[in-house]
Amino acid sequence: MNAELYDLLILGGGPAGLSAALYASRARLRAAVLHDGGGQVTSTPEIENYLGIDSIDGFELDRLFTEHAKRMGAELLTVRAEKLTAGDMFCVETRGGLLRTKAVVLAMGATHRELGLESERRLFGSGVSYCATCDGAFFRNKTVAVVGGGDTAASDALYLSKLASKVYLIHRRDSFRASRFLVERVQARENIRCIMSTVVEEVLGEERVQGLRLRNVSNGNTGTLEVNGLFVAVGIQPNSELVRGLVTLDESGFVVAGEDCKTSMPGVFAAGDLRTKPLRQIVCAVSDGAVAVESALEYLESR
């Protein structure tokens, strides 16, 4: 690598970043993706909701995305952006050297917050999930638990109640943080049972989730609960530290950007799970990548 000038640098090699790379190549931009991993998609065991594909594991889908982008001429650099600064041009510092660019697409994604249990990590993809809309269909007519107390947890419980025979909503506090409207809907749903002031201490099962070990935080009582699946909804952490102070972030740290993917700084665009949006799915990230490049082209042509 050297400090030659790019038209566009794409920070992140998940679905949003690779989609942006493909569209940038089609537009004949001098662009490169800083790609040090495929993001959350690579750790998703089975994907059934990507249009045109009945079922595929995330690693294979990432491979297809990567190979397609390469065939279109995308340049992939196996490095991580360490620092981004703005001036007459944008400068991206990496361990391999300095890169300069006229425009930037932020596609660093986000990370689901975990409960921090060894058994949770071990059984991820074998009954443990962080996305009800992605994986709920696998638990049709089964018993599942959702952990969390905010809007996402309540919405996930309501969504799963249409598929699963029984849903337990487990929250560590004695009241929910979710909006009153959602809480009322949860409480009215016959196959949802709320378990308050309780935490999950262990996910039970060897090959697949078979149950949970619970502890009541008020009295210390412990017990087990038989479930087929566990959905963790305790928040998502955007990977936005790189641009903190450079572009506007919302109160949760997501990059503020609309459907045009434009951020508060001209020349910087945000795509995928990193940006403010109502739904975080692979199909949405891929769409963002295309839109971000279209907005970048508009910006570059106006310079």
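**Overall picture**

Analyst: To begin with the surface, the accessible area of the protein is about 14,800 Å², and carbon and sulfur atoms account for 46% of that. Please keep in mind that this is a predicted model.

User: How many helices and strands does the protein have?
Analyst: The secondary structure consists of 7 helices and 17 strands. The radius of gyration is 21 Å, close to the 19 Å that the globule rule gives for 303 residues, so the protein is as compact as a globular protein of that length.

User: And what box do the C-alpha atoms fill?
Analyst: Taken along the principal axes, the box is roughly 60 × 35 × 30 Å. Within the protein, 50% of the 303 residues are buried, and of the contacts with a separation of 6 or more, 59% are between residues 24 or more positions apart.

User: OK, inside now. Which residues touch the most other members of the largest nonpolar core?
Analyst: Those are Leu8, Val105 and Ile282, in a core that has 33 residues. Two or more residues come from each of strand 1 (5-11), helix 1, strand 2, helix 2 (58-71), strand 6 (97-106) and helix 7 (282-302), and helix 7 gives the most, with 9 residues.

User: What is Ile282 in contact with?
Analyst: If its neighbours within four places in sequence are left aside, Ile282 is in contact with Pro15, Val41, Ile47, Tyr50, Leu61 and Phe65. Apart from this core lies another one, of 23 residues, and Leu77, Val92, Leu99 and Val268 are among them. As background, nonpolar side chains tend to be buried together in soluble globular proteins.

User: Switching to helix 6: which of its residues are buried?
Analyst: In helix 6, which runs over residues 180-188, the buried residues are Leu182, Val183 and Val186. They cover an arc of only 100° around the axis, and therefore sit on the same side of helix 6.

User: Why would residues three or four places apart point the same way?
Analyst: That follows from the turn of an α-helix, because it has 3.6 residues a turn.

User: Then what is on the other side of helix 6, and what covers the buried residues?
Analyst: On the other side, Arg180, Phe181 and Ala188 are exposed. The cover over the buried residues of helix 6 includes helix 5 (151-161), strand 10 (166-170) and strand 11.

User: New topic: how many disulfides does a search of the whole structure find?
Analyst: The search finds 1 disulfide, formed by Cys131 and Cys134, whose sulfur atoms are 2.2 Å apart. The link of Cys131 and Cys134 is right-handed, with 70° about the S-S bond.

User: Are those two cysteines buried or exposed?
Analyst: Cys131 counts as buried, because its relative accessibility is 14% and the cut-off for buried is under 20%. Cys134, with a relative accessible area of 26%, is partly exposed. Cys284, by contrast, is in no disulfide, and the nearest cysteine sulfur, that of Cys134, is 9.8 Å away.

User: What about the backbone: which phi does Arg28 have?
Analyst: Arg28 has a positive phi of about 60°, although it is not a glycine. For context, most residues other than glycine have a negative phi. Arg28 is placed in the loop between helix 1 (15-26) and strand 2 (31-34), and it is exposed, at a relative accessible area of 68%.

User: And what is the phi of Ser197?
Analyst: Ser197 is not a glycine either, and its phi is also positive, near 50°. Ser197 lies in the loop between strand 11 (192-195) and strand 12 (198-204), and it counts as buried, at 11% relative accessibility.

User: One more: where does Glu93 lie, and what is it in contact with?
Analyst: Glu93 lies in strand 5, residues 90-94, and counts as partly exposed at 35% relative accessibility. Leaving aside neighbours within four places in sequence, Glu93 is in contact with Arg80, Ala81, Glu82, Lys83 and Leu98. Glu93 and Glu82 are 11 residues apart in sequence, and their C-alpha atoms are 5.4 Å apart in space.

Key
Residues numbered from 1 in each chain as written. Predicted model: local features only at pLDDT ≥ 70, side-chain atom pairs only at ≥ 80, totals over all residues. Heavy atoms only, no water. Helix = DSSP H or I, 4+ residues; strand = E, 2+ residues; numbered from the N terminus. Buried < 20%, exposed > 50% of the residue type's maximum accessible area, 1.4 Å probe, protein only. Core = buried A, V, L, I, M, F, W, Y, C linked by side-chain atoms within 4.5 Å. Contact = heavy atoms within 4.5 Å. Arc of directions from axis to C-beta. Rg over C-alpha atoms; globule rule 2.2 N^0.38 Å. Areas by Shrake-Rupley, 256 points an atom, 1.4 Å probe, with all protein chains shown as cover. Disulfide = S-S within 2.5 Å.
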